[in-house]
Amino acid sequence: MKAALIGYGIAKSLTPEMHLAEAQAQGFVYDYQRFDTATAEFNSMTLPQILDKAQSGGLAGVNVTYPFKRAATEQMDELSDTARLLGAVNTVLFKDGQRIGHNTDYVGFRSALRGAPAMTLIQNVSLVGAGGAGGAVALALIDQGCENLFIFDQRPSAAQELAERIRCARPRAMVRRIEALSQSELVGMNGVVNATPMGMASQPGMAVDPAMLNPACWVADIVYFPRQTALLQAAQARRLRTLDGSGMAVFQAAAAFHLITGRVALARRMFNSFDWL
Ligand code: NAD
């Protein structure tokens, strides 16, 4: 069985290795490649051309990451409900000549949240970053019981559009854009989630200052490279409870592995390979 990850600058992504380690543990032959548009082999190819190459090359499916998650929705014959609702695809199945787009980032964050006992209070949550991953986080928070979700993005239109998208999908939820991450906006929060790239090794810094948070507030970061971001370290220094991005990364990969291979992945084992990688 063959699969691949499509994205830009994905040389360090752990997704291929997590898939390969799980296949090896299950004892079947699995070829999972990187189709990286930062490399000479792919940099002159468009997303439709790369998808054509994958499909005609007999791949069972592909994962899609930055910057193609939104554009991928336009290339599908069918979308799962979550992918349609979020307007983003991170897993594509090739079946009987058809392309079916899914979004496993949603189930990835939701599963990580469910498995985090320190994050049971989610009534009021602020989400920073309204991009592709932020959308999956927002929907997962609402479906997990968040009642009031406040979205901030340095691009106000992105925060507004996401708030409207989620309100439309879940009309009972109170979801609104906030204009600044001020102390007065953050003081009543049960939790804050960073879904911006700030904190990545390539984009150091913090999108939110934990000094503005109340002592009972938890902090989650979906960035996982590095795992202990500056934001999480600063939050821990203030003794706030934290959740790193590894859970979302592993659970989204486990769900994608299941979709592509038809075999159930053992999330615990994938966590071990993630720790080891
Ligand atoms: P994206 O580029 O689609 O969206 C990022 C959003 O953050 C943009 O809307 C941007 O305007 C906003 N932003 C950037 N800096 C900001 C700041 N300082 N303050 C407020 N808003 C800011 O990216 P994405 O695909 O949503 O991914 C975001 C990050 O999430 C990635 O860097 C990646 O590390 C991480 N991610 C993790 C997982 C996981 O499984 N753990 C999955 C997907 C993405």
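In this predicted model, Pro-226 is found in the loop between strand S11 (218-221) and helix H9 (230-237). The peptide bond that joins Phe-225 to Pro-226 is cis, with omega about 10 degrees. A cis peptide bond also joins Tyr-66 and Pro-67, where omega is about 0 degrees; Pro-67 is placed in the loop between S3 and H3. Most peptide bonds are trans, and most residues other than glycine have a negative phi.

A positive phi is found at Asp-96, which is not a glycine, with a value of about 50 degrees. Asp-96 lies in the loop between S5 and strand S6 (98-102), and counts as exposed because 6 C-beta neighbours lie inside 10 Å. Arg-239, likewise not a glycine, has a positive phi near 65 degrees. The position of Arg-239 is in the loop between H9 and strand S12 (242-243). Arg-239 has 7 other C-beta atoms within 10 Å and is therefore exposed.

The domain assignment divides the protein into domain 1 (2-102 + 248-276) and domain 2 (107-244). Their C-alpha centres lie 25 Å apart. The contact between the domains takes 11 residues from domain 1 and 13 residues from domain 2. On the side of domain 1 that touches domain 2, helix H3 (69-73), helix H4 (81-86) and H10 each supply at least two residues. H10 gives the most to this side, with 5 residues. By class, this side of domain 1 has 7 nonpolar, 1 polar and 3 charged residues.

An open sheet of 6 strands runs in the order S2-S1-S3-S5-S6-S4, and its pairing is mixed. Strand S2 (31-36) and strand S4 (78-79) stand at the edges; each has a single partner strand, so one side of each is left without a neighbour in the sheet. Within the sheet, strand S3 (residues 61-64) and strand S5 (residues 91-95) pair in the antiparallel sense over 3 bridges. Asn-63 has Thr-91 in S5 as its bridge partner.

The largest nonpolar core has 84 residues, of which Val-137, Ala-138, Leu-149 and Ile-151 touch the most other members. Helix H10 (residues 246-261) gives the most to this core, with 10 residues. Both domain 1 and domain 2 give residues to the core, so it lies between them. Not counting residues up to four places away in sequence, Val-137 touches Phe-109, Leu-127, Val-193, Ala-195 and Ile-222.

The ligand has 28 residues around it, and Gly-129, Gly-131, Ala-133, Pro-197 and Gly-245 come nearest. Two or more residues of this shell come from each of helix H5 (104-114), helix H6 (132-143) and H10. The shell residues divide into 16 nonpolar, 9 polar and 3 charged. Domain 1 and domain 2 both give residues to the shell around the ligand, so the shell lies between them.

Ile-122 is placed in the loop between H5 and strand S7 (124-128). A residue with 20 or more such neighbours would be buried; Ile-122 has 19 C-beta neighbours inside 10 Å and so counts as partly exposed. When residues up to four places away in sequence are not counted, Ile-122 touches Leu-141, Gln-144, Gly-145, Cys-146, Asn-190 and Gly-191. The C-alpha atom of Ile-122 is separated by 27 Å from that of Met-270, with the two residues 148 residues apart along the chain.

Methods:
Residues are numbered from 1 along each chain as its sequence is written. This is a predicted model: local features need pLDDT of at least 70, side-chain atom pairs count only at pLDDT 80 or more; totals for chains, interfaces and linings use all residues. A nonpolar core is a set of buried Ala, Val, Leu, Ile, Met, Phe, Trp, Tyr and Cys residues joined through C-beta atoms within 7 Å. A residue is buried if 20 or more other C-beta atoms lie within 10 Å of its own, exposed if 12 or fewer, and partly exposed in between; C-beta atoms are placed from the backbone. Helices (H or I, at least four residues) and strands (E, at least two) are DSSP runs, numbered from the N terminus. Domain bounds come from an automatic or database domain assignment. Two residues are in contact if their C-beta atoms, placed from the backbone, lie within 7 Å. A residue is near a molecule or strand if its C-beta atom, placed from the backbone, lies within 6 Å of it. Ala, Val, Leu, Ile, Met, Phe, Trp, Tyr, Cys and Pro count as nonpolar, Asp, Glu, Lys and Arg as charged, and the others, Gly among them, as polar. Two strands pair if DSSP finds at least two bridges between them.
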